[in-house]
Amino acid sequence: MTLEKYSIGVGDRFGHQGAAQLRALQQADERGVKIVPVWNKSFREHTIVGTQPADTRHAADGAVKERDWKNSYYVDADHIGLKNVDLFLDSSNFFTLDVADFIGKAAEEGEIAAFVKSMAKYTAEFPLSGVRTTTRVTEEDLTAIGKKYLFAVKEAGRIYRHIAEKKGAENFVAEVSTDEANEPQTPAQLFFILAALAEEGVRLQTIAPKFTGSFLKGIDYVGSVEKFTTEFEEDLLVIAHAIKTFDLPKNLKLSVHSGSDKFSLYPVIRRAMQKQNAGLHLKTAGTTWLEELIGLASAGGEGLRVAQEIYATAFSRINELCKPYETVINIDRSKLPDPQKVHSWGSDEYASALRHNQSDPKYNLHFRQLLHVGYKVAAEMGDRYLQMLVKNREIIGRNVTENLFDRHIKSLFLDSD
Ligand SMILES: [Zn+2]
């Protein structure tokens with residue numbers, strides 16, 4: 001199973017927007033760019049919404065049928081580890097092995113020594129043409145990399161072999177993610193992490209490092225675009241070199257998590273990909289749920305009331321809802337509108353506050369982030385919420401497609417400078 005050059009993580013909290021998301025990929029196809037969908041839903045999300053991995057498979061298959069989608073598609077067991085991977089074995093053909101929690105755990109001394117010994121020959125690869133942030137790698141550097149990442153790499157090996165044993169190595173796509181780590185990985189560290197993964201026999205096709213800067217949920221990148229650009233370009237060089245040096249899968253590419261709405265980065269990512277003829281995997285799960293709310297608000301009547309109610313409840317339960325997302329949101333509570341006031345808003349006011357249009361003075365990124373983590377409130381509404389999705393299917397679908405195509409796909413894959 002070989003993942004295509006361009007893929008996009010089309011998460012879907014409630015499993016109703018698959019077809020609308022596929023329509024955006026079909027629009028890209030009409031413009032000559034092939035992007036395949038990967039339905040990603042993490043264990044965390046399943047727990048909060050109260051769904052099972054089989055539900056994601058069911059929604060994906062249904063959307064593919066409805067839109068008559070002819071290309072490949074995948075269902076991702078997103079951010080799994082050994083403790084929960086078994087739940088996903090039947091329904092998934094893509095596995096994101098999350099080993100961020102194992103970074104910094106100590107591998108045995110002997111293992112670290114063996115790592116340094118086997119990696120020593122690769123220090124000669126630096127300086128690597130085009131990589132300016134690290135020009136030299138010493139034995140001490142290797143020891144430091146081993147101490148920090150070897151345990152995590154070995155954990156990835158354990159999860160990978162477990163899946164391979166159950167499904168057969170040729171029947172799934174593996175991604176390794178360290179994006180929820182505390183510190184970014186440098187391009188040179190990435191090179192040796194890939195070397196160690198190759199030694200463990202992990203045939204990964206995508207890797208999600210933690211990049212410099214903040215990738216907050218549902219809003220634009222926070223950090224130095226210039227620094228990110230250098231790091232991203234160097235990561236691409238390192239990956240191309242690692243594929244040859246360690247005989248890794250030829251389609252190995254970067255995966256950008258919390259990748260939706262990073263509008264200030266898309267042009268630089270696009271240029272870097274073009275320059276190096278590189279592929280990309282971009283995860284955009286939560287942005288679609290917000291389009292559901294925009295659609296409901298725009299529909300007016302009961303739809304608008306449901307959207308207002310979800311905000312009021314989220315506002316009153318802010319601590320609880322933000323907890324699982326602590327490291328990936330940044331809400332200034334003093335900037336949140338009073339629920340009473342939101343109650344008096346019309347469709348346009350609600351939609352303008354929520355829609356990610358930075359040139360609209362009514363856009364409120366704090367309101368947006370709170371609603372981003374507020375999907376639990378909608379999940380608790382149960383049938384009442386799902387019926388609203390069915391009833392307002394058309395207007396929501398329009399927003400979902402437009403958001404994915406106009407604001408994401410166009411600027412990442414289609415615009416030319
Ligand atoms: Zn992630």
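Asp68 is partly exposed, because its relative accessibility is 48%. This is a predicted model. Asp68 sits in the loop that links helix H3 (53–67) to strand E3. Its backbone stands out: Asp68 is not a glycine, yet its phi is positive, about 55°. Most residues other than glycine have a negative phi, and most peptide bonds are trans.

**Backbone**

His79 belongs to strand E3. Is His79 buried or exposed? His79 is buried, because its relative accessibility of 15% falls under the 20% cut-off.

A cis peptide bond links Phe126 to Pro127, with omega at about 5°. Pro127 lies in the loop between helix H4 (109–119) and H5.

**Largest pocket**

His79 returns here. His79, Asp98, Ala100, Asp101 and Glu180 are the lining residues nearest the centre of the largest pocket. The volume of this pocket is about 600 Å³. Its lining has 28 residues. They split into 11 nonpolar, 7 polar and 10 charged. Helix H2 (43–49), strand E3 (74–80) and helix H5 (139–167) each contribute at least two residues to the lining. Which element gives the most to the lining? H5 does, with 3 residues.

**Salt bridges**

Side chains of opposite charge can pair when their charged atoms come close. The model holds 23 salt bridges.

| Pair | Closest N and O atoms |
|---|---|
| Lys70 and Asp68 | 2.6 Å |
| Glu200 and Lys154 | 3.2 Å |
| Glu155 and Arg158 | 3.0 Å |

Lys70 is exposed, because its relative accessible area is 65%, over the 50% cut-off.

Glu200 pairs with Lys154. Glu200 is in the loop between helix H6 (187–199) and strand E6 (206–208), while Lys154 is in helix H5, so the pair ties together parts 46 residues apart in sequence.

The pair Glu155 and Arg158 stays within helix H5, where the two residues are 3 apart, about one turn of the helix. Glu155 is buried, because its relative accessibility is 7%. Arg158 is partly exposed, because its value is 35%. Beyond these pairs, salt bridges with shared partners join Asp76, Asp78, Glu175 and Lys283 into one network.

Methods. Residues are numbered from 1 along each chain as its sequence is written. This is a predicted model: local features need pLDDT of at least 70, side-chain atom pairs count only at pLDDT 80 or more; totals for chains, interfaces and linings use all residues. Side-chain values use heavy atoms; hydrogens and water are left out. On a 1 Å grid over the protein atoms alone, a cavity is a set of points where a 1.4 Å probe fits but cannot get out, and a pocket is an open set with protein on both sides within 12 Å along at least five of seven lines; lining residues have an atom within 4 Å of a point. Grid points are joined across faces, edges and corners, and a volume is the space filled by probe spheres set on the points. Helices (H or I, at least four residues) and strands (E, at least two) are DSSP runs, numbered from the N terminus. Ala, Val, Leu, Ile, Met, Phe, Trp, Tyr, Cys and Pro count as nonpolar, Asp, Glu, Lys and Arg as charged, and the others, Gly among them, as polar. Buried means under 20% relative accessible area, exposed over 50%, partly exposed in between (1.4 Å probe, protein chains only). A salt bridge is a side-chain nitrogen of Lys or Arg within 4 Å of a carboxyl oxygen of Asp or Glu.
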